[in-house]
Every structure is written in structure tokens, then in C-alpha cells.
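Please check each point against the structure as you go.

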Amino acid sequence: MRTRPSLVPLAAAATTALAIGALAVPATAAGPAGGPRGEHSHGGSHGHGHGQKHAELRFSTFNASLNRLTAGELVSDLSSPDDPQAAAVAETIQRTDPDVLLINEFDYVEGGVAAELFRENYLEVGHNGAAPVDYPYYFVAPVNTGVPSGLDLDNSGTVEGGNDAYGFGTFPGQYGMIVYSKYPIASDDVRTFQDFLWKDMPGALLPDDPATPAPRDWYSPAELDVFRLSSKSHWDVPIRVPGREPVHFLVSHPTPPTFDGTEDRNGTRNHDEIRFWADYVSGGRQAGYIYDDEGRRGGLERHRHFVIAGDQNADPYDGDSVDEAINQLLDHPRVQDPHPTSTGAVEQARLQAGANLTHTGPDAEDTADFDDVVGRGPGNLRADYVLPSRTLQVRGAGVYWLPTSDPLFSRLVGVYPFPASDHRLVWVDVRLRGPHRR
Ligand SMILES: [Ca+2]
Ligand SMILES: [Ca+2]
Ligand SMILES: [Ca+2]
Ligand SMILES: [Ca+2]
């Protein structure tokens, strides 16, 4: 374990304090007093910053399975510090110590109630010798999962249940997401894309009902008039790093490309949910069709720093996603892929065998431990991504998939049924150059 030198000059810290006072915090965000910390240590291999010339940040994504079966259950579980799964998730976060973290599958609760309970009762409490971790800032907002559409979206003949919601879920907010940050969030500049309509994406892969001759008609015109592209939401959350240009944390959780029929309505939606960020970071005309929930049009300006994060539910080689779905990001000229790996994924692919034996993608890059029985599950996949813009210098990357020989394996990683999640935390360290670099 290495200690990272302080990243924040004193003068910049003072600026930060002013910025906190200026935060017009919407109901969806919170920013109590307290700037970025000074020194802290990281669990993984980690480069050093260089005094005050560079800032180095660890960005992470973690599908933490902090979703529950009913509304209110997550708040109930997080209200006391003794939920073993939440504790394993928190310890995983503490041992990897991200500066900016997206958690997928964290039920949305109004007023940040679940966000604050998890922070106070789990993240700020050390687990099994891991140091507590402090996130003075978070952003959370409503999602489409579990919100009834009132339409028969799965063409079952009745309007009911998770498949007829705007995104699959059995109550509003199930499988939501949250961003935690050690650095201030530019709350006024956050953009959300919960309401963006799929039909408004040019060339959308609208699914076809194979039983009719008309093309792309799985959804009726009336359904397409309200059908939202994002199965949860897409958020552009700008992170303020003192003395640097902000880093736009672009987060989402595209729907799994499964649980459908030959029309592949979820596979095509997954593809276009991923395409949304590809177009967004292209900017200019390519992003001209995009509008946010406040009606502002367009994508990201050129030369902006960004980090795309989330469970994209798409592996570049294996699994059920539409071919090329994730390559829209991996091959994007403004995006770099640090190829995070682990030794645990290699070991589990060998031990679990089954579908893993026919995979063409590298086992070392897997991030999710799915069912391996051939014909029943896809095997282990690369599903979770942290993809920085080419404006950022990558200093390191990894997947927190420990090998069985690690004493923490059974408590934090394990095998099905998992102690924390079927997904692994992915981290990427990036360096932001100082403003006066020659
Ligand atoms: Ca239905
Ligand atoms: Ca048709
Ligand atoms: Ca597996
Ligand atoms: Ca694999």
C-alpha cells in the first residue's frame, strides 16, 4: 500500500470552500461542508502525483447489487450498520478508495435518504480494518426503472409489471444509481437525460415485430411517442478539480440485452443507450439531436475531459449484446480503453468453465460473474467500464476481482451466491495536467 501525496494546493482548497458555498444544490444533490482530503492511501497499485503540477484521481464503477425487492427495503437495510451485503460493498469501496465512484443498482430514494444512510452507516465506518472513506459530495436523481408507462411495451396483451415500465423494475427507482465524490460536483451544470425519447435518435435501432411485414414496428407510434431511450437515466456529472478543467463523469446503466424475444428489443435498446454517449462525446452535429431534461440541446464541447462509467451490459467479444454495441465507445477516437484486468477473473473462468471455455475475449478483462451453464447463461463477461477521454493521462487500472488465495476473497468477492455483488469494482487512475504546463 502506497501513500499518495497531497493533490490539492492550499490556495486551491480555499477556492473549493467558496465553490461549496455557491453550490445551488438541487433536491437531488447534497454538498455538506468539507473539501477534498489531503493524504490518503490506496489499496491497489497507484501512481504518484507530482506535487502541485498534476492531480491524480481514481474513477470507479461498481454494480453493487444494492437493489431490493420492494420500495423501502433498502432504507430499512441501511438504517442500521449490520446488513452484511452492504458492509461487504462498503469494505470493497474502502479497500479500493475511489475519488469518484458510480454505483449501479442502488435503489433511488427521494431526498437522498438511501445515499446518506449508506454513507453514514457504512462508508464512514471502517470494516474489518479497512479505513473509512469520506465522500462529502454525491449526486442522485430519479430513474426510469419501475415507472409504469401505462402501455403494453412487451406485447404480452396486458399492461402490468416490470416489463411494461419505462425501464425494467417492479417499483419506481429499483436498480437506480448514485455518484459519490471526494471532489465537489458542479451541481448547476449537471445534465440528466431521463426523458430523452428513443425515436428522437436519428437512425435508432427500433425493434421489429417479426410477425408483421412492417419494419421496426414492435412499438406502436403511440408507444414511441413516450418511449424513453434510457432504461435508468444518463447523467453528465461535472466534477470540479481545483485548478483544473472539470471532468465530466458520464454515467448510465444500459438495459441487459436479454429477457426478450427474437425482436431483440432489449439488445437494440442496449446498443442505442451506449450509442448515446458515443454521440454525446463526439459533440457538434453528431450530438445535435440530443436534448436534456431541461430542454438544452447538444453534446459535450470539444476538448472537455470526461470519464464514461457504468455497467454497459455489453462485452466486446462474448455474450448477447448487439455486435459492435460496446465498440461504439471502445473504438471512439476521443475515448481510451485502459483494459483493466484481474487475476481473479482468469482463475474463475478456469474454475467455472462451461460457457467460459468458448469465450473469445480475454478472461482477465471480465468484470461480471454470470451463470456459466451453456444454454442458460453467458458465462463471465466484461460488462463494467471506466473509459477516460484522450485528454486524460491513464496511470493505472484494475478490476477488484481477488484470487481465491487472497484472505479477503470469501468475504468480498466469493462465488454465487455472492457476499457483495455478481459484478466487480473497476477503477482507472487518471492524471490531469496542471494549468501552466510547458
Ligand atoms: Ca405487458
Ligand atoms: Ca414487423
Ligand atoms: Ca460465472
Ligand atoms: Ca469472459
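This is a predicted model: local features need pLDDT of at least 70, side-chain atom pairs count only at pLDDT 80 or more; totals for chains, interfaces and linings use all residues.

1. Residues are numbered from 1 along each chain as its sequence is written, and chains are lettered from A and ligands numbered from 1 in the order in which they are written.

2. Helices (H or I, at least four residues) and strands (E, at least two) are DSSP runs numbered from the N terminus, and two strands pair if DSSP finds at least two bridges between them. On that basis, five strands make up an open sheet of mixed pairing, in the order S8-S9-S10-S11-S12. Its edge strands, S8 (191-192) and S12 (384-388), each pair on one side only.

3. Within this sheet, strand S9 (residues 235-239) pairs with S10 in the antiparallel sense over five bridges, and Ile-239 has Val-247 as its bridge partner in S10. The pairing of S10 with strand S11 (residues 305-311) is parallel, also over five bridges, with His-248 partnered by Phe-306 in S11. From S10 the chain crosses through helix H6 (residues 265-282) to S11, and this β-α-β crossover is right-handed, a term that applies if, with the strands pointing away from the viewer, the path from the first strand over the helix to the second runs clockwise.

4. Is strand S10 buried or exposed? Five of the five residues of S10 (residues 247-251) are buried, so the strand is largely enclosed by the rest of the structure. A residue counts as buried if 20 or more other C-beta atoms, placed from the backbone, lie within 10 Å of its own, as exposed if 12 or fewer do, and as partly exposed in between. Val-247, Phe-249 and Val-251 point one way from S10, and His-248 and Leu-250 the other way.

5. Strand S5 (residues 100-106) is mostly covered, with seven of its seven residues buried. Strand S4 (residues 54-66) pairs with S5 in the parallel sense over six bridges, and Phe-62 stands opposite Ile-103 in S5. S5 and strand S7 (residues 177-181) run antiparallel and are joined by five bridges, with Leu-101 opposite Tyr-180 in S7.

6. Helix H3 (residues 84-96) packs against helix H4 (residues 113-123) at an angle of about 80 degrees, with their axes 10 Å apart. The axes are lines fitted to C-alpha atoms over the stretch in contact, and angles run from 0 to 180 degrees between N-to-C directions. H3 and H4 are therefore roughly perpendicular, the term for angles of 65 to 115 degrees. Ala-86, Ala-87, Ala-90 and Ile-93 in H3 meet Phe-118, Tyr-122 and Leu-123 in H4, where contact requires C-beta atoms, placed from the backbone, to lie within 7 Å.

7. Trp-401 lies in the loop between strand S13 (393-399) and helix H9 (409-413), and it counts as buried because it has 28 C-beta neighbours inside 10 Å. Leaving aside residues up to four places away in sequence, Trp-401 touches Ser-342, Gly-344, Ala-345, Val-413 and Arg-424. The C-alpha atoms of Trp-401 and Thr-343, which are 58 residues apart along the chain, are separated by 7.1 Å.

Conventions. Angles under 35 degrees count as roughly parallel, over 145 as roughly antiparallel, 65 to 115 as roughly perpendicular and the rest as oblique. Two residues are in contact if their C-beta atoms, placed from the backbone, lie within 7 Å.
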